[in-house]
Amino acid sequence: MQNKLEARDLVLSYADRTVVDGLSVQLSAGKITVIVGANACGKSTLLRGLARLLKPASGVVELNGRNINAMPSREVARTLGLLPQTPNAPDGITVADLVGRGRYPHQGWFRQWNAEDDAAVAAALEATGTLELAGRDIDELSGGQRQRVWIAMALAQQTDILLLDEPTTFLDVTHQVEVLDLVTDLNRRAGTTVVIVLHDLNLAARYADHLIAMKDGCIAAQGAPAEVVTEELVQDVFGLEAAVIPDPVSGTPMVVPVGRHHSRPAPAAKPPAMGYLPNPHDSRRENRNPMEAAS
């Protein structure tokens, strides 16, 4: 049975400032859901609420029908994993040790580290292409390598639900695609429910099964990318004039901004309608009787 995560009438606030206001959403089990929206629209705050890092001012987040904020932390961590936007690693920790921390929810008084944990860590390192980095300090790695290691830690946790807050931030385009391909592999191989906050609307449309567009702490639209990403929505949610065309690779919607220094090409003018012009080579004209021409 796949685990279900949903929010009902969720209100999330920082002090007296409401960021998410009365939002309800049921995440598609076994699918990749991507949340997009302008800065400060509540994307990351929603993810924190779903991961119970931020307690609701009102409303509820439910994991399999139970209030997630009333569940034991270790029980939640066995089902739901989170990769925050800017994770911090202890100084001097190696890649293998960091990835191994993903196994902590599975430890306990009567369940110590064993071969199953070793196998889970090795599989996570293998899946993310970081096995050869296992003995290196995390501080020695490039941004792309480091992000793959953090994802490996989340994989080692072996949860059915994985929340990722802007996992492609600070990465070049090659590593952005690499990270999203890796997450897609995980979803297709294990059926993991994945929820990602992304800034890049084109990557979101390419990788999402279900797309949620947020505005002012509420859901402005949701559904398949082809239904959500329209020129009208991009203008409404992002305040951006843009053309939306098919992605030449994936066929998903691709947003092409207009900007102040460019404009859409004017539609091609239709040729003017023309009346009948006699054909000078018309044999009927050439063979006419001269007397007819004079009359």
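Predicted model: local features only at pLDDT ≥ 70, side-chain atom pairs only at ≥ 80, totals over all residues.
Val-34 has Ile-196 as its bridge partner in E8.

## The four-stranded sheet

A further open sheet has 4 strands in the order E2-E1-E4-E5, and the pairing here is antiparallel. Strand E2 (17–26) and strand E5 (66–67) are the edge strands, each pairing on one side only. Strands E4 (residues 58–63) and E5 run antiparallel and are joined by 2 bridges. Leu-63 has its bridge partner in E5, namely Arg-66. Strands of a sheet pair through backbone hydrogen bonds, either parallel or antiparallel.

Helix H1 (residues 43–50) lies across strand E1 (5–14), E2 and E4. Relative to E1, the helix runs at about 120°.

## Salt bridges

The structure contains 7 salt bridges. One of them joins the side chains of Arg-8 and Glu-62, with an N to O distance of 2.5 Å. Because Arg-8 lies in strand E1 and Glu-62 in strand E4, this pair ties together parts that are 54 residues apart in sequence. Arg-8 is partly exposed, at 37% relative accessibility, whereas Glu-62 is buried, with a relative accessible area of 14%.

Another salt bridge brings together the side chains of Glu-178 and Arg-148, at 3.2 Å from N to O. Glu-178 belongs to helix H6 (residues 173–190) and Arg-148 to helix H5 (residues 143–156), so the pair links distant parts of the chain, 30 residues apart. Glu-178 has a relative accessible area of 32% and is partly exposed; Arg-148, at 13%, is buried. In the pair formed by Lys-215 and Asp-236, the side chains meet at 2.8 Å, N to O. Lys-215 is in strand E9 and Asp-236 in helix H9 (residues 231–238), and the pair links these distant parts of the chain, 21 residues apart. Lys-215 is partly exposed, with a relative accessible area of 30%, and Asp-236 also counts as partly exposed, at 42% relative accessibility.

## Helix H5 and its surroundings

Helix H5 has 14 residues and reaches 20 Å from its first C-alpha to its last, which is close to the 20 Å expected at 1.5 Å a residue. Of these 14 residues, 11 are buried, so the helix is largely enclosed by the rest of the structure. Among the buried residues are Gly-144, Gln-147, Trp-150, Ile-151, Met-153 and Leu-155. Arg-148, the salt-bridge partner of Glu-178, is also buried in H5.

The buried residues of H5 are covered by elements including E6, helix H3 (95–100), helix H4 (115–127), E7 and H6. Gln-158, which follows H5, has a positive phi near 55°.

## Residues with positive phi

Most residues other than glycine have a negative phi, and most peptide bonds are trans. Asp-9 is not a glycine, yet its phi is positive, about 50°. Asp-9 is placed in strand E1, the strand that also holds Arg-8.

Arg-52 is a further residue other than glycine with a positive phi, near 60°. Arg-52 sits in the loop between H1 and E4. With a relative accessible area of 22%, Arg-52 is partly exposed.

Methods. Residues numbered from 1 in each chain as written. Heavy atoms only, no water. Pairing = 2+ DSSP bridges. Contact = heavy atoms within 4.5 Å. Axes fitted to C-alpha atoms, helices over the stretch in contact; angles between N-to-C directions. Salt bridge = Lys/Arg side-chain N within 4 Å of Asp/Glu carboxyl O. Buried < 20%, exposed > 50% of the residue type's maximum accessible area, 1.4 Å probe, protein only. Expected span 1.5 Å × (residues − 1).
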